[in-house]
Amino acid sequence: MIYRHILTSLFLITLVPLMATALPPRSPAGGGMLKLDEMRDFVATTNAWFPDEQFEGLTAEAWIYYEDVPAPGTFWSIIGQEGRFNLVIHGSNASLGAWGYAEGAAGSLTIGGFDLPVKQWIHVTVIYDASAGMGLNGEGGNWCCPGGHLIKSNKSLRIGGIIFQDPERSRFVGDNVKLRGYIDEVRISNVVRYIGPEWKVPKQRFKVDKHTISLWHFDEGPGASRFKDGSENGYDLWRSGILAVTAQGKLTTTWGQLKK
């Protein structure tokens with residue numbers, strides 16, 4: 001009998017951490033996923049992401065899953081690049097928000113319009129035609145003034161975490177806090193992929209086409225440090241912007257642009 005109690009205790013001790021780290025079901029795109037929380041707060045490129053490009057059109061999209069929304073007066077960054085664009089979840093009304101800075105058109109800030117469900121996978125989209133727009137589960141579009149280009153940025157591309165904003169430009173009100181949830185299948189394209197007010201939500205693994213400039217499947221596993229860019233441009237993502245490289249047989253650590 002005593003052995004049975006010991007075995008039961010060992011089983012429960014083993015089960016508790018497994019339950020605490022249980023992952024949500026796979027996204028409609030399948031494959032792996034990226035987990036983000038206060039400790040593993042973001043992944044980023046170690047170099048500037050397309051610093052010299054002047055995008056006339058840009059679409060960034062992802063599948064996301066979270067169990068609560070940011071507190072009122074705060075927001076989470078989903079995808080963005082400092083000084084160029086950002087897609088967020090805002091806590092004031094639990095909605096999507098997007099901004100972009102353009103040359104030839106006024107900077108655009110959009111917030112609201114979508115009620116975000118919790119504890120389920122949702123497809124989120126930020127759309128730029130030198131103005132900001134957004135979409136949730138196949139509904140949305142661009143607002144304001146198409147034309148011009150998104151401005152250049154010499155910063156890294158970041159998924160999750162905190163993306164710094166210029167206080168002299170239009171920006172979201174509140175504190176940018178660390179996202180807690182899961183992200184899958186992030187794709188960025190150099191074209192406006194979806195024309196609102198409605199479009200068909202892609203529910204399969206993204207594939208590279210002529211408009212794909214970065215694509216991450218996050219199939220490497222929850223403990224991975226590096227996440228491979230599936231496009232030919234090679235903008236791999238690293239945990240907290242850290243790149244580990246081997247030099248002369250020794251492991252060294254190089255901090256990316258986000259740590260400067």
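Author: Buried means under 20% relative accessible area, exposed over 50%, and partly exposed in between, with a 1.4 Å probe and protein chains only. This is a predicted model: local features need pLDDT of at least 70, side-chain atom pairs count only at pLDDT 80 or more, and totals for chains, interfaces and linings use all residues. Residues are numbered from 1 along each chain as its sequence is written, and side-chain values use heavy atoms, without hydrogens or water.

Reader: Is Lys119 buried or exposed?

Author: Lys119 counts as exposed because its relative accessibility is 54%. Its phi is near 55 degrees, a positive value in a residue other than glycine.

Reader: Where does Lys119 lie?

Author: Lys119 is in the loop between strand E8 (108-111) and strand E9 (122-128). Strands (E, at least two residues) are DSSP runs, numbered from the N terminus.

Reader: Is Phe218 buried or exposed?

Author: Phe218 counts as buried, because its relative accessibility is 1%. Phe218 also has a positive phi, near 60 degrees. Its loop runs between strand E16 (212-216) and strand E17 (226-227).

Reader: Which residues touch the most other members of the largest nonpolar core?

Author: In soluble globular proteins, nonpolar side chains tend to be buried together. A nonpolar core is a set of buried Ala, Val, Leu, Ile, Met, Phe, Trp, Tyr and Cys residues joined through side-chain atoms within 4.5 Å. Here the largest has 40 residues, and Trp49, Ile78 and Ile159 touch the most other members. Another core, of seven residues, lies apart from it, and includes Ala29, Met33, Tyr65 and Trp121.

Methods. Helices (H or I, at least four residues) and strands (E, at least two) are DSSP runs, numbered from the N terminus.
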